[in-house]
Amino acid sequence: MKLTDQESRLLKGEEGEIKALAMSYLVKLGNAFDGKEMVDIAYAHMSSGSALREGEIEYLEELADKGATVVVPTSSEVIPVDLRDPESIHAPAPIVEEHRKLLDIQRRMGIASTYTCVPFTQGYVPAKGTYIASMESAAIIYFNSVLGAKTNRCGYFVLYAALTGKYPKIGYLLEQNRKGTHLVSLETKLSGSTDYGALGYHVGALVGSGVPVFEGIDQPRQEELMVLGAALATSGTVAMYHVVGVTPEARTTGEAFGGTRPQGKIVVSEKEIREVYRKLHTAKDSRVDFVFLGCPQYTVEQIRVAAGLLDGRRVHENTTLWIGTNRMAFAMAERMGYDDIIKRAGGVLVCDTCPMLSFLRLDSLAKRGISGPVFKTMLTDSPKQAKYANHTMGCEIILDKVDACIEAAVKGKWEG
Amino acid sequence: MPGKAVGEALVLREPIGFQGEIDEEGFIAVAGHPHAGKSVSNKVLIYPEAKGSSGGCMMLRLLAKRGKKPAAIVNTRNLDANLVEGAILADIPMLCYPEKDPYERISTGDMVEVDGETGILIKIS
């Protein structure tokens with residue numbers, strides 16, 4: 001890998017030991033992919049160093065104590081608790097305390113404590129063609145596919161990228177890896193974001209790490225593309241998709257494939273969409289004690305819809321309803337009165353966290369000597385949450401659309 | 001990724017997600033998975049490619065901290081940057097695109113040797 005003079009100085013430690021360490025990891029990564037050079041990145045979305053993984057927050061603190069700061073705009077990922085109102089979800093005090101500490105560490109390092117999987121809904125909207133470094137598979141795929149910014153499926157190394165402003169030019173930062181691999185023809189009409197999620201879940205399993213090109217998706221909403229991408233990156237390793245006419249790099253099907261031949265053609269009809277709902281349904285009982293909406297985190301518009309469905313009603317006494325979002329959407333939901341409606345109905349508008357990454361995980365419960373699961377049956381409108389919560393929280397799962405989820409929350413029973 | 005390792009092979013024919021499908025002790029935690037309940041710790045994991053959440057690299061790092069990491073990883077399809085990060089952090093030899101199809105010649109339980117530098121994967125016994 002060829003380094004510029006400035007990059008060599010960073011690597012040699014002329015700008016401090018932290019940047020030298022960060023650079024050495026980035027060079028190792030570049031070499032593993034036979035990368036030729038580094039690029040400057042315009043933005044980073046990094047892990048919050050969840051307290052559920054021991055030692056991560058302490059490591060960030062060590063860096064902050066040594067004066068480390070990020071050198072590009074940097075947002076941060078979901079944490080295991082809601083710091084706005086921890087009591088509303090009965091979050092354990094020690095985990096809350098640990099993350100209040102994280103807030104301070106991030107402030108010192110210049111990292112925005114967004115605690116989100118959808119930073120592009122909160123002012124972090126990198127421009128088309130810019131190189132960025134993002135973790136969170138649901139965010140990565142949106143950056144690449146909807147905004148046209150270029151990121152790999154980064155993980156921990158986003159920290160090193162944010163500290164140096166560099167990333168090796170590998171993978172999805174290279175034009176040739178962004179071309180379509182499979183043509184997907186949609187031959188049914190999708191209704192609502194969960195259907196988009198079902199489409200993504202079906203296609204992701206078929207294309208693995210490919211780049212699917214969707215034909216027949218017309219005027220998709222932002223939320224639908226968010227859920228589509230999250231699901232593609234759950235059943236597969238998809239980091240990028242093209243929606244012809246929508247993705248900046250796919251004005252036409254030809255442009256999406258960039259002169260290459262599709263490796264495969266996938267036709268999706270109503271039958272395949274229904275099959276995903278069936279496949280993810282693991283619950284034996286129709287009684288639901290947990291309803292979760294908001295994976296990825298709900299936008300203001302989705303909160304508006306959910307609040308409208310809940311208005312004047314009451315969540316069943318045996319059922320817990322969480323609607324997951326972030327602080328920015330929450331502020332707007334509060335202003336618009338949606339939070340009041342949800343609260344009056346007995347639901348909780350939850351910020352910062354997400355069940356499958358929260359203190360409700362079986363491993364987090366076990367550390368506190370609690371044998372889980374806390375909830376027996378989870379009903380959700382997200383294929384991503386459905387898949388992961390099944391393993392990490394030990395819940396039996398039902399997948400359905402938002403209106404059916406709210407109905408079930410009120411009745412305590414899913415009648416799909 | 002450089003490094004050598006010898007260990008028992010664990011051969012998966014389907015992609016696996018390190019975040020969500022493998023627990024913090026290194027066991028495959030997917031109900032109905034053909035290898036459910038088996039541990040990846042100290043095994044030479046041979047599989048097509050990683051899938052799912054980008055938390056996978058942190059999971060490898062955690063497994064390493066706990067002494068539960070795989071001895072080596074052999075990735076036969078596309079290489080995921082996220083997983084390579086994990087292998088660097090966890091210091092796990094990793095091999096990509098081995099020349100001969102490992103699924104033809106290596107089965108779960110075989111002792112194998114991996115050299116991440118030369119890209120060689122051999123069956124010892």
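This is a predicted model: local features need pLDDT of at least 70, side-chain atom pairs count only at pLDDT 80 or more; totals for chains, interfaces and linings use all residues.
Reader: How many residues does the contact take from chain A and from chain B, and which helix gives the most to the side of chain A?
Author: The contact takes 29 residues from chain A and 31 residues from chain B. On the side of chain A that touches chain B, helix H2 (17-32), helix H5 (137-147), helix H8 (222-235) and helix H15 (383-392) each supply at least two residues. The residues on this side divide into 11 nonpolar, 13 polar and five charged. The helix that gives the most to the side of chain A, with four residues, is H2(A).

Reader: Where do the axes of H8(A) and H15(A) come within 8 Å, in terms of the residues that make the contact, and at what angle do they cross?
Author: On H8(A) the contact is made by Ala230(A), Ala231(A) and Thr234(A), and on H15(A) by Pro383(A), Lys384(A) and Lys387(A). These residues divide into three nonpolar, one polar and two charged. The axes of H8(A) and H15(A) come within 8 Å, and the angle at which they cross is roughly 35 degrees.

Reader: What span should the 17 residues of helix H4 of chain A have, and what separates its end C-alpha atoms?
Author: Helix H4(A) runs over residues 93-109, and at 1.5 Å a residue it should span 24 Å. That expectation agrees with the model, in which the end C-alpha atoms of H4(A) are apart by 25 Å.

Reader: Which residues of H4(A) are buried, and within what arc do they fall?
Author: The buried residues of H4(A) are Ile95(A), His99(A), Leu102(A), Ile105(A), Gln106(A) and Met109(A), and what covers them includes helix H3 (56-65) and strand S3 (74-76) of chain A. On the other side of the helix, Ala93(A), Arg100(A), Asp104(A) and Arg107(A) are exposed. Seen down the axis of H4(A), the buried residues line one face of the helix, because they fall within an arc of 105 degrees.

Reader: What distance separates the centres of domain 1 and domain 2 of chain A?
Author: Chain A is divided into domain 1 (5-171), domain 2 (179-272) and domain 3 (281-411). The contact between the two domains in question takes 13 residues from domain 1 and 14 residues from domain 2, and the residues on the domain 1 side divide into six nonpolar, five polar and two charged. Taken over C-alpha atoms, the centres of domain 1 and domain 2 are separated by 28 Å.

Reader: Is Asp110(B) buried or partly exposed?
Author: Asp110(B) is found in the loop between helix H4 (102-105) and strand S5 (111-115) of chain B. Leaving aside neighbours within four places in sequence, Asp110(B) is in contact with Ala9(B) and Lys123(B). A residue needs 20 or more C-beta neighbours within 10 Å to count as buried, and because Asp110(B) has 18 inside 10 Å, it counts as partly exposed.

Key. Residues are numbered from 1 along each chain as its sequence is written. Chains are lettered from A and ligands numbered from 1 in the order in which they are written. A residue is buried if 20 or more other C-beta atoms lie within 10 Å of its own, exposed if 12 or fewer, and partly exposed in between; C-beta atoms are placed from the backbone. Two residues are in contact if their C-beta atoms, placed from the backbone, lie within 7 Å. Ala, Val, Leu, Ile, Met, Phe, Trp, Tyr, Cys and Pro count as nonpolar, Asp, Glu, Lys and Arg as charged, and the others, Gly among them, as polar. The expected span of a helix is 1.5 Å times one less than its number of residues. The arc is that of the directions from the helix axis to the C-beta atoms. Domain bounds come from an automatic or database domain assignment. Axes are lines fitted to C-alpha atoms, for helices over the stretch in contact, and angles run from 0 to 180 degrees between N-to-C directions.
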